[in-house]
Amino acid sequence: MTTVVAGPATGTHPARPGARPSDRGRTVLDIVVPVLDEERDLESSVRRLHAFLASGFPYSFRITVADNASTDATPQIAQRLAAEIDEVRTVRLEQKGRGRALRHVWSGSDADVLAYCDVDLSTDLGALLPLVAPLVSGHSDLAIGTRLGRGSRVVRGPKREFISRSYNLILRGALSARFSDAQCGFKAIRSDVARRLLPLVEDTGWFFDTELLVLAERSGLRIHEVPVDWVDDPDSSVDVVATAVADLKGVWRVGRALATGALPLAEVRAQLGRAPLAPPAVPGVPRAMPFQLARFAAIGVASTVANLLLFLALRGMLGPIAANVVALLVCAVANTALNRRFTFGVRGRDRAVTHQFQGLIVFALGLVLTTGALAVLGAVAPGAHLAVEAAVIVGANLVATVLRFVLFRSWVFRTRSTAAPLGKATAA
């Protein structure tokens, strides 16, 4: 990998009028703009970003153009900008990958806060100070722009909207993620946190953001979310299908690493994280139930969608009853495994077979509900439209889902607690 750096050797710039005294002589913010063959937009975007920061941004800054092996005039434009503007530098990498570029620049930066934004500047720059300020103050460890939060304003087509929301739903169900938007190209991280987390992030492409956020969240770090105004770039060169496939592979890899304990998250939490809070007990409500309900609901939604898709795909070959049985069986195995790990926190292989067997019993009850619903529909309305059948399946599955949670919590994954010592109250 060859790196060419242009611009001020120190990465700093003379103090600007109005800069805080504590910022003089050092760089508070290093904002990276990853680019690949962006000769058309690079200059206008960098000049616009620089003009915004120079016009009143309260912290010293640097703009780093990270060129990912461009083959057009992008490197020459970046070097010209770095030679002309004190606060701009450029780094050249001979390999592609946005994650690779961010890891390289962030690992070698001397700034207090590290950030990045997409070259198309789809995100309104007015959100930059709210993104950075909580990290400068020490209140938060990472910050992300969100297009899915309350107060966000987004302009994009229904296809991109559907893909984005579906991906974030998958993250919530598969990885128990609580952040709202993993893919918005507008993020920041404290440099001390980056130095600890970056060696644990394996992805070098578009999944880099998601992996970093999941590891940070599991390490007990605070992620600040900033609602943004965002306008989709219709000329974006991102291959949506290839990116989606790579992201799903990343979800599987990270989920497996978390399930097997391959990541040293306890060590990271001990060094950087915040100790878990012990919420007061609510009379009549077990302490873990709200979190279990949220995770169970996310997995249940994903299972219902998967069940419906499998049912529709198999109905023509197997008929409605057999298609429903096969779809339910496949989804039941996956549903039990996901709830075992993410909803009820059961790890390892101990009693895994027993749990799956009990899960199949729960599945059988759901099968009775859904099959019975289809049988009743066939008797009441023979030859009903496919949409009616699908609606009946969805409704019956919702009822089965409620029953599944009750049985999972009270029977399959019931905690075997030991007796409390005399004189000590048992936990709620």
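Guide: The accessible surface of the protein is about 20700 Å², and carbon and sulfur atoms hold 63% of that area. The model is a predicted one. Of its 428 residues, 45% count as buried. The secondary structure consists of 13 helices and 10 strands. Among contacts with a separation of 6 or more, 79% join residues 24 or more positions apart.

Now the aromatic pairs. A pair of aromatic rings is described by the distance of the centres and the angle of the planes. The count in this protein comes to 9 aromatic pairs. One of them is formed by Phe 57 and Tyr 59, whose ring centres are 5.8 Å apart with the planes at 75°, so this pair is edge-to-face. The cut-off behind that label is a plane angle over 60 degrees. Phe 57 and Tyr 59 are both buried. Phe 408 and Phe 413 make another edge-to-face pair, with 5.3 Å from centre to centre and 65° between the planes. Both of these phenylalanines, Phe 408 and Phe 413, are buried as well. Phe 408 and Phe 413 also belong to a cluster linked by ring pairs, together with Phe 296, Phe 344 and Phe 405.

Next, the surface. Val 305 is placed in helix H10. Val 305 has a relative accessibility of 44% and therefore counts as partly exposed, since that class lies between 20% and 50%.

Leu 42 is in helix H1, residues 42-54, and counts as buried because its relative accessibility is 0%. Leaving out residues up to four places away in sequence, Leu 42 touches Val 35, Val 65, Thr 74, Ile 77, Ala 78, Leu 81 and Val 119. Val 65 is 23 residues from Leu 42 along the chain, and their C-alpha atoms are separated by 9.0 Å. Ser 191 lies in helix H6, residues 191-197. With a relative accessible area of 9%, Ser 191 is buried. Beyond its neighbours within four places in sequence, Ser 191 is in contact with Ala 111, Asp 112 and Leu 114.

Ala 69 has a phi near 60°, a positive value in a residue other than glycine. Ala 69 sits in the loop between strand E3 (61-68) and helix H2 (74-84), and is buried at 13% relative accessible area. Ser 176, likewise not a glycine, has a positive phi of about 55°. Ser 176 is in the loop that runs between helix H5 (158-175) and strand E8 (186-190). At 8% relative accessibility, Ser 176 counts as buried.

Conventions
Residues numbered from 1 in each chain as written. Predicted model: local features only at pLDDT ≥ 70, side-chain atom pairs only at ≥ 80, totals over all residues. Heavy atoms only, no water. Helix = DSSP H or I, 4+ residues; strand = E, 2+ residues; numbered from the N terminus. Buried < 20%, exposed > 50% of the residue type's maximum accessible area, 1.4 Å probe, protein only. Phe/Tyr/Trp six-rings, centres within 6.5 Å; stacked < 30°, edge-to-face > 60°. Contact = heavy atoms within 4.5 Å. Areas by Shrake-Rupley, 256 points an atom, 1.4 Å probe, with all protein chains shown as cover.
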